[in-house]
Amino acid sequence: MHSSSKLYVCSRETGNLGRFKASLRENVLGSPKELMKLSVPSLVYAVQNNMAFLALSNLDAAVYQVTYQLKIPCTALCTVLMLNRTLSRLQWISVFMLCGGVVLVQWRPAQATGVVVEQNPLLGFGAIAVAVLCSGFAGVYFEKVLKSSDTSLWVRNIQMYLSGIVVTLVGVYLSDGAEIKEKGFFYGYTYYVWLVIFLASVGGLYTSVVVKYTDNIMKGFSAAAAIVLSTIASVMLFGLQITLTFALGTLLVCVSIYLYGLPRQDTTSIQQGEPTSKERVSGV
């Protein structure tokens, strides 16, 4: 469903249907290597989602919530290693501050239940480690592909999500194939479901724009800000109660965004008009 929206946007960008078809033939059907290249993050994201589900099944919700946010510093590490970038000490501090802020914003106290669920913590931690690594690698890999060529952003989205459609359809039919045959693929799709699909598609497109023109770390900061804003909207619309942990987490998120956006000070040269250290000492 999301890919259909991306196809529509791509057709709008190319100007007319003829140019859109020509672009698809050239960049999708006529470039199997490029298609395979973009299938990598799609498959890795599929692995990430399955590992996250496996981890949630074998860890307490609070433990899962905390450990899964390690994808934020993991993304920063992948950015440094795969894109040969450097982060200042203040930026690293802001990344880990953001990680803690997101944990606090999403924190919900555990509620005791009489249901005993058998869990395997070792399997859960292994799955969460794989999910975190997949998240960082796939995001930075996609960013590298986006910025290493002049191919349209929307075409890149189509290239990536075509393989995602195949993987998702296989998973859907393996898990719910009998029910789909009985009731149809679109059974239960209400207007609200279509609205959610549309909004998710638009959100995915804007995420790609953020990655294209900034980076994956900034995408993490924007996602954290979105969590805060959605919670505030829930307070206004549904009467959700603000907790102390949410307020503290919001403060950490805002401060981390501010710190990460501060311009990095150039210490490689002495600014003109500024006295050197010897001059300052001699002038004392």
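1. Let's start with how helix 9 and helix 10 sit against each other. In this predicted model, the axes of helix 9 (residues 191-213) and helix 10 (residues 216-238) come within 7 Å and cross at roughly 135°. Helix 9 and helix 10 are therefore oblique to each other. For the cut-offs: angles under 35 degrees count as roughly parallel, over 145 as roughly antiparallel, 65 to 115 as roughly perpendicular, and the rest as oblique. Axes here are lines fitted to C-alpha atoms, for helices over the stretch in contact, with angles from 0 to 180 degrees between N-to-C directions. On the helix 9 side, Thr207, Val210 and Val211 meet Asn216, Met218 and Lys219 of helix 10; contact means heavy atoms within 4.5 Å. By class, this contact has three nonpolar, two polar and one charged residues. Ala, Val, Leu, Ile, Met, Phe, Trp, Tyr, Cys and Pro count as nonpolar, Asp, Glu, Lys and Arg as charged, and the others, Gly among them, as polar.

2. A word on how to read the numbers. Residues are numbered from 1 along each chain as its sequence is written, and side-chain values use heavy atoms, with hydrogens and water left out. Since the model is predicted, local features need pLDDT of at least 70 and side-chain atom pairs count only at pLDDT 80 or more, while totals for chains, interfaces and linings use all residues.

3. Now the overall build. The protein has 12 helices and zero strands; helices (H or I, at least four residues) and strands (E, at least two) are DSSP runs, numbered from the N terminus. Of the 284 residues, 34% are buried, where buried means under 20% relative accessible area, exposed over 50%, and partly exposed in between (1.4 Å probe, protein chains only). Among contacts between residues at least 6 apart in sequence, 82% join residues at least 24 apart.

4. In the model, residues 122-142 are 100% helix and 0% strand, with end C-alpha atoms 30 Å apart. Residues 154-174 likewise come out at 100% helix and 0% strand, and their end C-alpha atoms are 30 Å apart.

5. Helix 4 (residues 61-68) deserves a look. Its buried residues are Tyr64, Gln65, Thr67 and Tyr68. These buried residues pack against helix 3 (32-58), helix 5 (71-83), helix 6 (89-106) and helix 7 (121-147).

6. On to the rings. A pair of aromatic rings is described by the distance of the centres and the angle of the planes. Rings of Phe, Tyr and Trp (its six-membered ring) pair if their centres lie within 6.5 Å; planes under 30 degrees apart count as stacked, over 60 as edge-to-face, and the rest as tilted. The whole structure holds eight aromatic pairs. One of them is the stacked pair of tyrosine 64 and tyrosine 68, at 5.3 Å centre to centre with 15° between the planes. These two tyrosines are four residues apart in helix 4, so about one helical turn separates them. Tyrosine 64 counts as buried because its relative accessibility is 16%, and tyrosine 68 counts as buried at 11%. Phenylalanine 186 and tyrosine 189 pair edge-to-face, at 5.3 Å centre to centre and 80° between the planes. Phenylalanine 186 is partly exposed at 45%, and tyrosine 189 is partly exposed at 28%. Phe185, Phe186, Tyr189 and Trp194 form one aromatic cluster.

7. Serine 256 lies in helix 11 (residues 244-261) and is buried, with a relative accessible area of 0%. Leaving aside neighbours within four places in sequence, serine 256 is in contact with Ser94, Met97, Leu98 and Phe221.

8. Finally, two loop residues. Glutamine 119 sits in the loop between helix 6 and helix 7 and is partly exposed at 31% relative accessibility. Glutamine 119 and leucine 59 are 60 residues apart in sequence and 6.7 Å apart in space, C-alpha to C-alpha. Asparagine 84, in the loop between helix 5 and helix 6, is exposed at 70%, and its phi is near 55°, a positive value in a residue other than glycine.
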